[in-house]
Amino acid sequence: MEKVISTIKLMAKTGVFFAHCDGEFDQREVDFIKGFLGGIDHIGDIDEALRQEVKDAVNQNYTLDEIIEETQQLLEGFNEDERKAIITSIYLFIRKVLVADKNLDSVEKKNFRLWKDTFGIDN
């Protein structure tokens with residue numbers, strides 16, 4: 001369960017970073033991330049303090065270096081197939097965050113490219 005929570009928390013942080021990196025945190029981006037976090041309410045056996053910690057991730061600021069480092073640390077606990085699945089899930093989540101406000105800024109594109117390059121995603 002700890003790995004699941006760590007993954008959800010990382011995805012929330014990653015979404016917040018990409019939603020903020022263009023200098024604007026559009027309401028549609030906020031709504032999308034909060035909708036994602038609403039899904040943790042349906043996961044059983046999560047301590048309320050931990051649940052709140054994950055939701056509080058939306059109220060912080062993160063750097064791309066922090067996101068990359070935390071992603072690399074998270075991946076260390078998984079086998080190759082699991083790492084690929086996690087990276088693919090985060091990749092798809094980032095794409096959804098980036099288009100949530102209907103505007104793909106050059107800073108967002110640059111940061112997304114750097115993230116993808118770090119994790120070996122070609123497209």
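**Two helices crossing**

Analyst: Let's start with a pair: the axes of helix α1 (residues 2-20) and helix α5 (residues 80-100) come within 9 Å and cross at roughly 35 degrees. Helices here are DSSP runs of H or I with at least four residues, numbered from the N terminus. The axes are lines fitted to C-alpha atoms over the stretch in contact, with angles running from 0 to 180 degrees between N-to-C directions. Keep in mind that this is a predicted model, where local features need pLDDT of at least 70, side-chain atom pairs count only at pLDDT 80 or more, and totals for chains, interfaces and linings use all residues. Residues are numbered from 1 along each chain as its sequence is written, and side-chain values use heavy atoms, leaving out hydrogens and water.

User: Which residues make the contact of α1 with α5?

Analyst: Contact means heavy atoms within 4.5 Å. On the α1 side you'll find T7, L10, M11, T14, G15, F18 and A19, and α5 brings I86, S89, I90, F93, I94, V97 and L98. Sorted by type, that's 10 nonpolar, four polar and no charged. Ala, Val, Leu, Ile, Met, Phe, Trp, Tyr, Cys and Pro count as nonpolar, Asp, Glu, Lys and Arg as charged, and the others, Gly among them, as polar.

User: How many residues of α1 are buried?

Analyst: Buried means under 20% relative accessible area, with a 1.4 Å probe and protein chains only. For α1, 14 of its 19 residues are buried, so the helix is mostly covered. T7 is a case in α1: it counts as buried because its relative accessibility is 15%. T7 touches L74, F78 and I86, leaving aside residues up to four places away in sequence.

User: What should the 21 residues of α5 span?

Analyst: The expected span is 1.5 Å times one less than the number of residues. For α5 that should be 30 Å, and its end C-alpha atoms are 30 Å apart, so the two agree.

User: What do the buried residues of α5 pack against?

Analyst: They pack against α1, α2 (27-38), α4 (64-75) and α6 (106-118). Among those buried residues are I87, I90, Y91 and I94.

User: Is W115 buried or exposed?

Analyst: W115, found in helix α6, counts as buried because its relative accessibility is 0%. Its contacts include F18, I68, I87, I90, Y91 and I94. The C-alpha atoms of W115 and I68 are separated by 7.0 Å, though these residues are 47 apart along the chain.

Conventions. Buried < 20%, exposed > 50% of the residue type's maximum accessible area, 1.4 Å probe, protein only.
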